Amino acid sequence: MIYQGKAHKYGRDVDTDVIIPARYLNTSDPKELGKHALEDLDSEFVNKVSSGDMLVAEENFGCGSSREHAPIAIKAAGVSCVIAKSFARIFYRNSINMGLPILGCSEAVDGIKSGDKIKVDTETGEITNLTTGVTFKATPFPDFIRGIIEDGGLINYLKVKVGSPCLPTGREEK
Amino acid sequence: MGMTITEKILAVHAGKEKVKPGELININLDLVLGNDVTAPIAIREFKKIGVGKVFNVDKVALVPDHYTPNKDIKSAEQAKIMRDFAKEQEITNYFEIGRMGIEHALLPELGLVLPGDAIIGADSHTCTYGALGAFSTGVGSTDLAAGMATGEVWLKVPSTIKFVYKGKLNKWVSGKDLILYTIGKIGVDGALYKSMEFTGEAISSLSMEGRLTMANMAIEAGGKNGIIEPDETTLEYVRGRAKRDFKIYKSDNDAEYERVYEYDVSGIEPQVAFPHLPSNTRGISEVGDIKIDQVVIGSCTNGRIEDLRVAAKILKGQKVCKNVRLIVIPATQKIYKQVVDEGLMDIFIDAEAAVSTPTCGPCLGGHMGVLAEGERALATTNRNFVGRMGHPKSEVYLCNPAVAAASAILGRIVSPDEIVGSG
């Protein structure tokens, strides 16, 4: 997939509590969650973001809670993908599993400012800063993870793997 | 080359002789866990897979603990999704209000998680069970859905960082202080994707409660799991609780570690993590004059009986400062009853503390003690991120139960020595 949008850049250790504060965790409705994305980090974010925009951040993006509401809120707010120097592991898994493209690339983070126009090719991992004309290459995913992404997330991957609607019999004995 | 305890457990559950860090594997799970926040999304995803039934009704645990007893209609609807699913699927380990507890205190207490197990839970503090010598890690809702359907999860085998704690613990220093100190040293991503193995004489001398607190906060350093080799303390805890066989694994002498940190605990005093990261730690003697509005003693980190006994010892015969609200939350119904039976309830009530039914409540700013703008809390919980306990302009400081109790009495963050004397 190719995405194009504006960069919104933040610092390190952006935690899932500021991505979606617990006061909104009494719902799992993506639309509702999207209205409050990043609220405690930047209360203006949802007003600034346009569909297709990118989040850009330093190290350890998505640290803290396991709430999948975090990538759900980010995606529902219109963000097409997240580029960071590193991701906290549960956020990383959740994003892959629910289909929010994420890219790890330190050089790109250093080479992008808030407001820059960015083009991302999730297949090749190429990140181009259209404002400066510089292109970066994200760390590629292992094949197995690429498989999940290509199937559109873990649930679809599982359906393909086990053949819906039934898993092979005898699984209870494991 | 040998294997670490984490590698051994992962190898067995993957049906392999050996695994190496970096390898992608699929493992069979002994238990998958969800709560009232994460399970509703998992149930939605589970239904899309189309398997109909969970892989094993005895190996799924569902615990309503975050917003329960429910704080509003929306949270009641979420809890109901999980309750209905548990009934429909005939889940054995669903625990209703009155029988529940904070998940990470409840499951070890009931013997549902045991040494050698492989466990995932849709809650980041699922790493707690590593204290029993199990591999246990937090995941999100989609992984929980897949886990409930297949009894499996994909993982990358983590490399292991070994932490060796030498020497004897100082007075008032607990597992909470060791883990806060460690996070302060290595940072909130100091163990990102890694296994954290806690060893050394100070760990051997720790109670099960102290060990559970340490493993609980491995995630605050970014760790995939925290783990402690089972010993006599572990076996004593597990005996009488376990209703099935379990297996003890230990790291080989020639196991490979990515890094080894050694700490002399005799130099460690009670720790306080300042806003807004658990790594922002200082020794209690370097805290300065920090006034507080609220104190919370509880959570999956420090709501166990040993924590409440320490707090009661300090609060006995004292009154909570008139400018402070003290909220005490026993983590399970069993602990709540122990608090009553041991006379701790009288001490808390006489000290003018509020004692709550088990809930995660204020730890995540859910309910039962949410902070207003500009307010400051001292808590025995695990996170002090911006807005964690309420208003984005409120503050949370983290500490052990002794420091929390003493500070509630004086209205500012203090050493317990200021209340009970240093003798």
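Mentor: Contact means heavy atoms within 4.5 Å. This is a predicted model, in which local features need pLDDT of at least 70, side-chain atom pairs count only at pLDDT 80 or more, and totals for chains, interfaces and linings use all residues. Residues are numbered from 1 along each chain, chains are lettered from A, and hydrogens and water are left out of side-chain values.

Trainee: How many residues does the contact take from chain A and chain B?

Mentor: Chain A gives 50 residues and chain B gives 58 residues.

Trainee: And what is the area buried between them?

Mentor: About 4300 Å² is buried between chain A and chain B, with 55% from carbon and sulfur atoms. Buried area is the accessible area (1.4 Å probe) that two parts lose on being put together, summed over both. A:Asn26, A:Arg89 and A:Arg93 supply 18% of what chain A buries against chain B, more than any other three residues.

Trainee: Changing topic, how many salt bridges are there between the chains?

Mentor: There are three between chain A and chain B. A salt bridge is a side-chain nitrogen of Lys or Arg within 4 Å of a carboxyl oxygen of Asp or Glu. B:Asp189 and A:Arg12 form a salt bridge through their side chains, at 3.1 Å from N to O.

Trainee: What about helices; at what angle do α5(A) and α5(B) pack?

Mentor: Helices are DSSP runs (H or I, at least four residues), numbered from the N terminus. The angle is about 70 degrees, and the axes of α5(A) and α5(B) lie 8 Å apart. Axes are lines fitted to C-alpha atoms over the stretch in contact, and angles run from 0 to 180 degrees between N-to-C directions.

Trainee: Which word describes that arrangement, parallel or perpendicular?

Mentor: α5(A) and α5(B) are therefore roughly perpendicular to each other, a term for angles of 65 to 115 degrees.

Terms used: Helix = DSSP H or I, 4+ residues; strand = E, 2+ residues; numbered from the N terminus. Parallel < 35°, antiparallel > 145°, perpendicular 65-115°, else oblique.
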